[in-house]
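Dear colleague,

Please find below the structure that I am handing over to you. My notes on what was found in it follow.

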Amino acid sequence: MSRIEMPLPPLPLPRFVRSDQPNVLAVEYGADSRLAAQARRWVWTASRLHRLQAEPLVWIANELFANSLRHTRSGLLGGKTRLTLTHLPNRLRIAATDEGPLPDSVPGEPYLSAETEAAPLGLGLTLVSALATAWGWHGDQHGHTVWAEVARPKPGKPIIHFMPAVTRHAVTARLEAVAGEC
C-alpha cells in the first residue's frame with residue numbers, strides 16, 4: 001500500500017521561525033494586539049539580558065509590533081508580524097516585518113510624529129528613536145521591515161538610567177496609562 005504525502009498544516013501563530021544564523025531569532029505573531037505581552041516576554045527572554053537592561057529593547061519591540069498591527073495589513077484578520085532579534089557583537093537589533101500597507105491606503109514611509117504629547121495610543125517611532133542608538137527601515141508595497149538597535153549593556157548596568165529625563169517621563173507616563181487600561 002502506498003503512502004500519500006500530504007503537506008502539514010501551518011503551525012498556529014505565534015510560531016518560531018528557523019534561521020540559518022545562530023545569532024538570529026525570530027517569531028511570527030498573528031493580528032491580535034493581545035499578543036503584545038507575549039512578544040515583549042519573548043524579546044526579554046531572547047535578549048538574554050537582565051530585565052532592567054532589556055527594558056529599552058522590549059519597549060522598542062512593543063512599539064514596532066503595535067505599529068505593524070495599527071498601520072499595515074498585518075493587523076487585519078489572518079495578518080502576521082515577524083519579530084526578529086539579532087545578537088551582534090556590541091549591540092542588539094530588533095526588527096518587525098509587516099505585510100504591507102492597508103487596502104485602499106497609499107504606501108508610505110515610517111516617520112516620526114510631531115504630535116507625541118497628544119498621541120492617544122502610543123509614542124511610536126518617537127520612543128523608538130529616543131531609546132535606540134540607530135533605527136531605520138526597508139521594504140516596498142509588499143511589506144516593511146522597521147529595525148532598531150540598542151547598545152549591548154555592560155554587565156550589571158541598566159540602560160534606563162542613561163535615557164534623558166524627558167524620555168523617561170514620557171515612557172513612564174505611557175506605561176502607567178497602559179497599565180490602567182488592563
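Two strands are taken to pair if DSSP finds at least two bridges between them. Helices (H or I, at least four residues) and strands (E, at least two) are DSSP runs, numbered from the N terminus. On these terms, β2 and β3 pair in the antiparallel sense over 7 bridges, with Val-27 standing opposite Leu-83 in β3.

As to provenance, this is a predicted model, in which local features need pLDDT of at least 70 and side-chain atom pairs count only at pLDDT 80 or more, while totals for chains, interfaces and linings use all residues. Residues are numbered from 1 along each chain as its sequence is written, and side-chain values use heavy atoms, with hydrogens and water left out.

The sheet

The 6 strands form an open sheet in the order β1-β2-β3-β4-β6-β5, with antiparallel pairing. Its edge strands, each pairing on one side only, are β1 (15-17) and β5 (134-140). From one strand to the next, the twist averages 20°.

A hairpin through 6 residues connects β1 to β2. The hairpin that joins β5 to β6 passes through 2 residues.

Strands β3 (residues 80-87) and β4 (residues 91-97) run antiparallel and are joined by 6 bridges. Thr-86 has Arg-93 as its bridge partner in β4. Helix α1 (residues 36-47) packs on the sheet, touching β1, β2 (24-30), β3 and β4, and its direction makes about 15° with that of β3. Contact here means heavy atoms within 4.5 Å; axes are lines fitted to C-alpha atoms, for helices over the stretch in contact, and angles run from 0 to 180 degrees between N-to-C directions.

Burial and the core

A residue is buried under 20% relative accessible area, exposed over 50% and partly exposed in between (1.4 Å probe, protein chains only). Strand β2 is largely enclosed by the rest of the structure, because 6 of its 7 residues are buried. Thr-84, in strand β3, is buried as well, with a relative accessible area of 16%. Leaving aside residues up to four places away in sequence, Thr-84 touches Val-24, Leu-25, Ala-26, Arg-93, Ile-94 and Ala-95.

A nonpolar core is a set of buried Ala, Val, Leu, Ile, Met, Phe, Trp, Tyr and Cys residues joined through side-chain atoms within 4.5 Å. The largest such core has 32 residues, of which Tyr-29, Trp-42, Val-43, Ile-60, Leu-64 and Ile-94 touch the most other members. At least two residues of this core come from each of β2, α1, α2 (51-71), β3, β4, α3 (124-131) and β6 (143-151). Helix α2 supplies the largest share, 9 residues.

The aromatic pair

Rings of Phe, Tyr and Trp (its six-membered ring) pair if their centres lie within 6.5 Å; planes under 30 degrees apart count as stacked, over 60 as edge-to-face and the rest as tilted. The whole structure holds 1 aromatic pair. Tyr-29 and Phe-65 form this edge-to-face pair, at 5.7 Å centre to centre and 75° between the planes. Tyr-29 lies in strand β2 and Phe-65 in helix α2, so the pair ties together parts that are 36 residues apart in sequence. Tyr-29 counts as buried at 2% relative accessibility, and Phe-65 counts as buried at 1%.

With kind regards
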